[in-house]
Amino acid sequence: MKMVKKSVHFLQHAFRKHSVSPSLCASMDCGTRRLTKTRLIDSDCRLLSGDFLLHEDGSYSISKGHEDVVEEISAENRIITRSFQNWHTHSAMVLNKSFGEGLPLMEWLERAIFPVEKGLTPEFVKIGTLAAAAEMISSGTTFACDMYFFPETIANSYLESGIRAKVCAAVSDNDEIYDSKSALINIEKLLSSEQKSSDLIEFGIGPHSIYSCDEETLIKSSELSKKYDCTLSIHASETRKEVTDCYEIHGMYPIEYLDSIDFLSEGTICAHCGWVTKKEMRILSRNGAHAVHCPTSNQKLACGGTLSYPAMKDAEVSVLLGTDGAASNNSLDMRSEAKTASLIQKHDHWDASILNPEETWKLATNNSKDWITWDLDDIRLRPWGEGGSRLLPNLIYSGGDILDVFVSGNAIRRNGITQTINEREISEELENLVKDYYDS
Ligand SMILES: [Zn+2]
């Protein structure tokens, strides 16, 4: 417990001193770790056995046993893998979890979500984001691409948690409190300040969608993202209604429309893309934009369509995976999102070979620089099979507990206990806050 307090103290100190730009090594316990008598699945899904060094820069090497390390972990009951990367979420929407159950997307937004969001304050966002980060850490995620209100508060909460984040400030013309003009002025202030140089946290811009932002807001958001070379994130082609409405107004489908106003560029995040034509896929590919598959949210909100992975792959679109907010998923657990993605693609295309374990794993961990360890004593991971051949499929389809999480040399979870956030305290704070949120 002593180490827990020390890590939190150093992170909080870094947080106060540097706002959102701490050193990567945020505690005295930061640095290379040696994990012995263990197994490791590398970024290419190769399974290795032995003693490994996990370095601060995210690389690993074989240990010879005499290196200077900050900690040695006897890891016989663990398997080391890359961490999960959640490419689309609204972290503080854990506040809305299990609210508006049974409503389809537009009704859910208009009747359940938008009215209550009028009472949103930085305090709600802070506790919501910390609770979301705690859930992500406990399930092995070390990066989130977030889109919500009060971006400074979100960034500071992620910083406290120790994981990486792209914090895209939500922009919407529909909102009565956070109008798009003030949101864009605020995000430009953040982007032009020195805070953007943070190693773990980046700011971006998140115009909500083509149905909640007018053309001027979409164009300004895109121009600002190009000016500051930051992430631009939008919901696109999530429902059939969005697509048919867009065609009625503009004579084009949403991705075509976004292309026609020069909105898309290299790295633009288009969440959902459940109702897109092959022509639109080619447009995404030509612009270097990403399509983020959010299969659980699409199913829970009865969107009727979800991203077609094989068609996107044929069109050479970069596909990423995300949970969406906990309000439309009930979970921020990328372990289950990876499983759901693989299952829905197989099911929808009548082809059990689509998104095999290796490809699913790469989709869910997408160039992760961080490491997690799983509890190999977990019965769900048995049998491992000869030479551990069943381990990777078991990790995806059977599940398992996450014991440790390492980000840039910092141990933000050890032996099943998150070091940077007290899960019990944040759970109680969230419980109390939710009562106030729905009273306001
Ligand atoms: Zn979303």
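**What the labels rest on**

Tutor: Keep in mind that this is a predicted model. To begin, β6 and strand β7 (residues 141-148) pair in the parallel sense, and 4 bridges link them.

Student: What makes β6 and β7 count as a pair?

Tutor: Two strands pair if there are at least two bridges between them. β6 and β7 have 4 bridges, so they pass that cut-off of at least two.

Student: Which strands belong to the open sheet with β6, and in what order?

Tutor: The order is β6-β7-β8-β9, with parallel pairing. The edges are β6 (84-89) and β9 (201-207).

Student: Why are β6 and β9 called edge strands?

Tutor: Each of them pairs on one side only. From one strand to the next, the twist averages 15 degrees.

Student: What packs on that sheet?

Tutor: Helix α6 (residues 215-228) does, touching β8 (164-171) and β9. The direction of α6 makes about 160 degrees with that of β9.

Student: Where's the other open sheet with parallel pairing, and which strands form it?

Tutor: Look for 4 strands in the order β10-β11-β12-β13. Here β10 (233-236) and β13 (318-321) are the edge strands, each pairing on one side only. The twist in this sheet averages 30 degrees from strand to strand.

Student: How do you know that β10 pairs with β11?

Tutor: Count the bridges: β10 and strand β11 (residues 269-272) share 4 of them, in the parallel sense. The cut-off is at least two, so β10 and β11 are a pair. Ile-234 finds its bridge partner, Cys-270, in β11.

Student: Which strands pair with β14 in the antiparallel sense?

Tutor: Strand β5 (residues 78-82) is joined to β14 by 5 bridges, running antiparallel. β14 and β15 also pair in the antiparallel sense, over 4 bridges. For examples, Ile-79 has Trp-374 in β14 as its bridge partner, while Trp-371 has Phe-406 in β15.

Student: What makes β14 "mostly covered"?

Tutor: Strand β14 (residues 371-375) has 5 residues, and 4 of them are buried.

Student: And helix α4, how many of its residues are buried?

Tutor: In α4 (residues 151-161), 9 of the 11 residues are buried, which is what "mostly covered" refers to. Among them are Pro-151, Ile-154, Tyr-158 and Leu-159. Just after α4 comes Gly-162, with a positive phi of about 90 degrees.

Student: Why is Gly-400 called buried?

Tutor: The label needs 20 or more other C-beta atoms within 10 Å. Gly-400 has 20 C-beta neighbours inside 10 Å, so it counts as buried.

Student: Where is Gly-400 found, and what is it in contact with?

Tutor: Gly-400 is in the loop between α14 (391-397) and β15 (402-407). Leaving aside neighbours within four places in sequence, its contacts include Trp-374, Asp-378 and Leu-395. Arg-335 is 65 residues away along the chain, with 8.6 Å between its C-alpha atom and that of Gly-400.

Student: How is the protein chain divided into domains?

Tutor: Domain 1 takes 2-17 + 83-366 + 421-439, and domain 2 takes 18-80 + 371-410. Their C-alpha centres lie 27 Å apart.

Note on methods. Residues numbered from 1 in each chain as written. Predicted model: local features only at pLDDT ≥ 70, side-chain atom pairs only at ≥ 80, totals over all residues. Helix = DSSP H or I, 4+ residues; strand = E, 2+ residues; numbered from the N terminus. Axes fitted to C-alpha atoms, helices over the stretch in contact; angles between N-to-C directions. Contact = placed C-beta atoms within 7 Å. Buried ≥ 20, exposed ≤ 12 C-beta atoms within 10 Å, placed from the backbone. Domains from an automatic or database assignment.
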